[in-house]
Amino acid sequence: MLIEQLINGITLGSIYAIVALGFTLVFGVLGIINMAHGEIFMFGAFIGVVVTSTFKGPLWLAFLAAIAVTAAMGYLLERFALRPLRNKQGVSHLAPLISTIGVSILLENLSHHIFGPGNHPFRASFAEISFQIGSITVYLVQIVIFVISVLLMYALSFWLGKTKAGKALRATAENLETASLLGVDVKRTITMTVIIASAMGGIAGILVGMAFNSVTPQMGLSIGLKGLAIIILGGMGNVKGAMAGGLILGLAETFVVVYGDSGYKDAIAFAAIIIILLIRPQGLFGQKISA
Amino acid sequence: MRKQLKKFAQFTALSSLLVLSACGGNQAAGDEDGESSGGAVKADIGVISYISGPGAAYGEAITNGLKLAQEEINGKGEVEINLVIEDSAGKQDQALTAAQKLMNSENVTAIIGPTLSTEMNVVGPEADLNGVPIMGTSTTAEGIPQIGDYVFRNSLPEALAIPASIDKAIEKYDAKKVAILYGNDDVFTKSGFDTMKKAAEEKGLEILTIETFQKGQSDYNAQLTKIKGLKPDLILASALYNEGAVIMDQARKMGIDVPFVGGNGFNSPEVINIAGDAANGLIVATPWYGEKEDDKVKEFVSKYEKEYGKKPDQFAAQAYDALYIMAEALKNAGEADRDALRDALAEVKGFNGILGEFSFDEEGDVVMDPTVLVIENGAFKEFN
């Protein structure tokens, strides 16, 4: 019972963490909260449904297709919704936020038209693989989700901390103009960041589709808001914070259901976030971020 | 300017006079016709239906059912019904305008519709005030017939459907302990939950836990794991089919194999499409079952399919029966009079239609035995 709930919580938390990683990457570099991230995540899930259910394709193809499509969406997002607003005189610093909200509304309605409303089942035989330990059923998907989230976290930390591209990215995050003067191709770095973040959203989308067998055009909004809460909890722009924050929220939501009332699930989880922020306003792993 | 105004006033006065006299003339002619054609009661019945907009499929099914019934009834020669159909587009204000038009200028004897309970909540009081009998064929919310003496319905309310399916499930599985799961952010699923809880308490079932979820949620594992640990004999789930199907899928994956009892919102073939094999064991009550071994039902289904090219759903069937009930009452009333029709409607007892045996109670609400269905091997079957 308890162990099963623990697994539920970790699975949910890992998914939140992957979504939050994408959020935090864009925020760390661009200082922009990308409200369209949840919808890109939703599109990743739908691409997975289309490839596996409609075209009966294999799962690896679904992953590749979802990554390709969401990466392309990331590029378009940067090219048409963010870049035109950057470094322009008189553009409010809220403009990119509003612009990403616009993109999120567009994408939600677009998926309504393309895929239709309602729930789309995710039929992949991989999602059915499970094993029994005593009375506990563990699904392979649950383990895969956890492993992928940890791998992504380490890969990102390594990439940001140790590689040249990562250093360029951090330099860009520090100061656009200085980085540019020092020979960093700022435009390319920013575009890459948004593309990578979007592709991670796509991966998360497929994982959610497999784990919960539920894909709807509305799924982006709620997970997007939770991703936002998590990066505030973990510390804006911090990779480890996103991971820890995701797991904390996932476990908190699950255990509110176990020991309390499922009606207060979100309320208590978010109350916990508020309390943590009162004690540590910069978030769990947060430092002061240069503007 | 002044002259123009005067002219305009004269014109309106004249035209309204004309309209009035036209109405009077029509009525007189109608009455005469009624007598001359040897006993056949002639009546105009207004229809308000959701014909355009996102719920247009409901309106289409309803008007199809009505037209089919009209053809048959008029063919028999005892009653001659003329349908005056208006579109409400699922909107309260448009439904009200349509109703006023039907009652005042079209001078209908009675109204069938509107489609949604929310529409009925504004149209019902108006019809009652004007003394026009009105019958909903798809309005299942609590309190519709209680609006007034002239308001009826033949659509099975949740308060009747849910206890019926719980009863049968208890009988079959000898259930004593239940878990309840419901969506707490939707009026419809919340009211279904209230009915379930009441029914469970009345039957003396032990309610192990009450869990909630929200619309569009995709992960129900925490709630379901908790329910699994409590080992209920039955799970009562007040959910719309979209969430409900996912809940069943996740429950079956987790190893919960007890039957689910759902409300009207759960009653959709979409559940099978979404959840596949996991949908097996869902019990719902429905007023309409197209596969029933009944001559009337078979005849209706084949006629409907021939006419419209698809199988009739619950909405078509309820509308079809509604017009037959109306015709029966008109025949008994003997004239196309609103008050006489109301009294005759109130007396309808033991009417035998395609939905089964039907009566109105003293409030104008439904008395009937719903058919309880269960999903077995990926299809709805009668549950015995």
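Biologist: Where is the place of B:Pro114 in chain B?
Modeller: One note before I start: this is a predicted model. A cis peptide bond joins B:Gly113 and B:Pro114, with omega about -10°. Most peptide bonds are trans. B:Pro114 sits in the loop between strand S3 (110-112) and helix H4 (117-130) of chain B.

Biologist: Is B:Asn107 buried, partly exposed or exposed?
Modeller: B:Asn107 lies in the loop between helix H3 (92-105) and S3 of chain B. Its phi is positive, about 55°, although B:Asn107 is not a glycine. Relative accessibility is 31%, so B:Asn107 counts as partly exposed.

Biologist: And B:Lys231: buried or exposed?
Modeller: B:Lys231 is in the loop between helix H7 (221-230) and strand S8 (234-238) of chain B. Phi of B:Lys231 is near 50°, a positive value in a residue other than glycine. The cut-off for exposed is over 50% relative accessible area. B:Lys231 has 60% relative accessibility and therefore counts as exposed.

Biologist: Are H1(A) and H7(B) roughly parallel or roughly antiparallel?
Modeller: In H1(A), A:Glu4, A:Gln5 and A:Asn8 meet B:Asn221, B:Ala222, B:Thr225, B:Lys226 and B:Lys228 in H7(B). The axes of H1(A) and H7(B) are 9 Å apart, and the packing angle is about 175°. That angle makes the pair H1(A) and H7(B) roughly antiparallel.

Biologist: How do H1(A) and H5(A) run: roughly parallel or roughly antiparallel?
Modeller: Helix H1 (residues 2-30) and helix H5 (residues 140-162) of chain A pack with their axes 9 Å apart, at an angle of about 30°. Angles under 35 degrees count as roughly parallel. So H1(A) and H5(A) are roughly parallel.

Biologist: Is the crossing of H1(A) and H5(A) left-handed or right-handed?
Modeller: Residues of H1(A) that meet H5(A) include A:Ile7, A:Ile10, A:Ser14, A:Ile18 and A:Leu25. Among the residues of H5(A) in these contacts are A:Ile145, A:Ser149, A:Leu152 and A:Leu160. H1(A) passes H5(A) in a crossing that is left-handed.

Biologist: Which helices do the buried residues of H4(A) pack against?
Modeller: Helix H4 (residues 95-115) of chain A has 21 residues and reaches 30 Å from its first C-alpha to its last, close to the 30 Å expected. Its buried residues include A:Ala95, A:Pro96, A:Val103, A:Leu107 and A:Phe115. The buried residues of H4(A) pack against helix H2 (37-54) and helix H3 (59-82) of chain A.

Biologist: How many residues of H8(B) are buried?
Modeller: Helix H8 (residues 241-254) of chain B reaches 20 Å from its first C-alpha to its last, close to the 20 Å expected. Just after H8(B), B:Gly255 takes a positive phi of about 100°. H8(B) itself is mostly covered, with a buried count of 13 of its 14 residues.

Biologist: Now chain B overall. What percentage of its residues is buried?
Modeller: Chain B holds twelve helices and 15 strands. It exposes about 16,900 Å², and carbon and sulfur atoms supply 49% of that area. Of contacts between residues at least 6 apart in sequence, 68% join residues at least 24 apart. Of the 384 residues in chain B, the buried share is 54%.

Conventions: Residues are numbered from 1 along each chain as its sequence is written. Chains are lettered from A and ligands numbered from 1 in the order in which they are written. This is a predicted model: local features need pLDDT of at least 70, side-chain atom pairs count only at pLDDT 80 or more; totals for chains, interfaces and linings use all residues. Side-chain values use heavy atoms; hydrogens and water are left out. Helices (H or I, at least four residues) and strands (E, at least two) are DSSP runs, numbered from the N terminus. The expected span of a helix is 1.5 Å times one less than its number of residues. Buried means under 20% relative accessible area, exposed over 50%, partly exposed in between (1.4 Å probe, protein chains only). Contact means heavy atoms within 4.5 Å. Accessible areas come from the Shrake-Rupley method with a 1.4 Å probe; for residues, only the protein chains shown count as cover. Axes are lines fitted to C-alpha atoms, for helices over the stretch in contact, and angles run from 0 to 180 degrees between N-to-C directions. Angles under 35 degrees count as roughly parallel, over 145 as roughly antiparallel, 65 to 115 as roughly perpendicular and the rest as oblique. A crossing is left-handed if the near helix is turned anticlockwise from the far one by less than a right angle, and right-handed if clockwise.
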